[in-house]
Amino acid sequence: MYAEPSAAVPDPLPPDDDLPVRAERRARRRLRALWRSLWQLALALRTAALVAAAALLIVVSKVDIQLLRTVQMMATDAAVAVLAAAKMPLAAVRTAAREVGALLAARSENARLRAEVERLREWRSRAIRLEVENRALRRLLAMPLLETRPRRTVARVVGDGANPFARLLVLDAGRNRGLARGMAVVNAEGLVGRIVAVGERSARVMPLTDRDSRIPVLVGSSGDPGVLEGDNTPNPKLRFLPLNPRVRLGDEVLTSGRGGLLPPGLPVGRVRAVRDRQVVVEPYVDWTRLDYVAVLDYPGVTPPAADRSRATAPGHPQPGPHP
Amino acid sequence: MTRVPARLARPLADTMPPLTGLAAVILDRAALGSLAPDAPDTDLTLAVAFYWALYRPEIMGPPLLFLLGLLSDALAGLPLGFTALTLLALGLLVRGGARWLPAQPPPLIWAAFAVVAVSVALLRWLLASLYFAWPFAPGPLLLQLGLTLLLYPPIAWLLDRLRRSAPETDHARTP
């Protein structure tokens, strides 16, 4: 039922009995406001602490502490199976597409492969002849024979840095398969890069295009030595070439083996352009199809003891650090 | 998308931001596309973090953003704290708009994402240039930014569907 509003004006002042209740309510309100402010302050402090922690971690990372590297590789170890699983559906689609493409191009591919086999047969006989000659000459000079067949470990590329600043590849093999820092990573086409960090079940590869990559190389038939320097572009540049280099377009670039870290003679790429005093190299590796790679366990070449003692003897200059 | 039972809705709604954030980090770091040094890539983590920081700020708060950033750095081989710091910056930028922005039309939210993404990219570029002492070309970063902006609407649509399939019962937000 609708009730008529009372004509009497209510007393704005509550009876004296209610005063303690109002005071208590006011106190509670104040307490709540204080609690809210404290809570907001705690949240702000938490955010500030996390920002400070992130900034501190960045600074500490610059110092290159082993513990942080270990933590990074442990996280990669833990994620490597998930990374491989994430790649699986796409890999299946790619394989199917490649199969269909191969079927369609079977005829022309067959002709190309026949021509390739002919060419390689010729090269093989030349290589055998040269090897025999090389062995004979080495024996004549009493030089030790070089064992140029490093042990190979096949691994799969399951991750990449995928950011504009660094693009390190992640392999699904680590110490458990004998991988170690500095090992060369190749595929059927040529040098991919080298291992820069190893975990128990994963390893990180610095591709030769990375801005931190420096590979000692030899160029073309002239054999000019140089250093292939990555700059985060698809085409690394040749530096530290000798004066008046005899580099020509299309010259093949191979690892020189200097420094003893990488095996000599690994195909790296081809000279693509010479511009602004820069020699631009196009790597052989097709980055879009990089899936399985081989990691080379190259024992390296240690200088003979006699040479070492001579190098450190007074009067003999110390060898400078290798680029 | 079918709705989940009410008793499961809340826990499911609360686990969606960390789970989708984790999936975004993994997808960003998995070798899915081209591995070429100049190949364009997207920043799914940024898009997912922005979405949840807007719609579920109490879950996608600074601690979760920090952890996702650390994981991303560890997997990418970047200095630890690099992505964590940029995601925390994202959280701070989004916090101001988290009250009123979810109720705005999608184009406005997209524009807000563009502003945040540009700011975060600038911060990343500055941090990387200072840390590595290398003048990184802005091209790849701009390309990544562009692709991420293009990818945001479908990602937001997908996450919207996910969020609506298990709406948080206590404080359901409507965009």
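Mentor: We start with α2(B) and helix α4 (residues 82–95) of chain B, which pack at an angle of about 35 degrees with their axes 10 Å apart. The model is predicted, so local features need pLDDT of at least 70, side-chain atom pairs count only at pLDDT 80 or more, and totals for chains, interfaces and linings use all residues. Residues are numbered from 1 along each chain as its sequence is written, chains are lettered from A and ligands numbered from 1 in the order in which they are written, and side-chain values use heavy atoms, with hydrogens and water left out.

Trainee: What makes a stretch a helix, and what is its axis?

Mentor: Helices (H or I, at least four residues) and strands (E, at least two) are DSSP runs, numbered from the N terminus. Axes are lines fitted to C-alpha atoms, for helices over the stretch in contact, and angles run from 0 to 180 degrees between N-to-C directions.

Trainee: Which residues of α2(B) and α4(B) meet?

Mentor: B:Thr45, B:Leu46, B:Ala49, B:Phe50, B:Ala53 and B:Leu54 in α2(B) meet B:Leu87, B:Leu90 and B:Val94 in α4(B); contact means heavy atoms within 4.5 Å. These residues divide into eight nonpolar, one polar and no charged. For the classes, Ala, Val, Leu, Ile, Met, Phe, Trp, Tyr, Cys and Pro count as nonpolar, Asp, Glu, Lys and Arg as charged, and the others, Gly among them, as polar.

Trainee: Why are α1(B) and α2(B) called roughly antiparallel?

Mentor: The axes of helix α1 (residues 6–29) of chain B and helix α2 (residues 44–55) of chain B come within 8 Å and cross at roughly 165 degrees. That angle makes α1(B) roughly antiparallel to α2(B), because angles under 35 degrees count as roughly parallel, over 145 as roughly antiparallel, 65 to 115 as roughly perpendicular and the rest as oblique. By class, their contact has eight nonpolar, three polar and one charged residues.

Trainee: Is the crossing of α1(B) and α2(B) left-handed or right-handed?

Mentor: The crossing of α1(B) and α2(B) is left-handed. A crossing gets that label if the near helix is turned anticlockwise from the far one by less than a right angle, and is right-handed if clockwise. α2(B) passes α4(B) in a right-handed crossing.

Trainee: Why are α2(B) and α5(B) called oblique?

Mentor: The axes of α2(B) and helix α5 (residues 106–132) of chain B come within 11 Å and cross at roughly 125 degrees. α2(B) and α5(B) are therefore oblique to each other. Here α2(B) passes α5(B) in a right-handed crossing. The contact residues include B:Phe50 of α2(B) and B:Phe113 of α5(B), and they divide into 11 nonpolar, no polar and no charged.

Trainee: What makes A:Glu24 and A:Arg28 a salt bridge?

Mentor: Their side chains meet at 3.0 Å, N to O. A salt bridge is a side-chain nitrogen of Lys or Arg within 4 Å of a carboxyl oxygen of Asp or Glu, so A:Glu24 and A:Arg28 qualify. Being four residues apart in helix α1 (residues 19–62) of chain A, they are separated by about one helical turn.

Trainee: How many salt bridges are there over all chains, and how many between chain B and chain A?

Mentor: The count over all chains comes to 16 salt bridges, and between chain B and chain A it is zero. The contact of these chains takes 43 residues from chain B and 47 residues from chain A.
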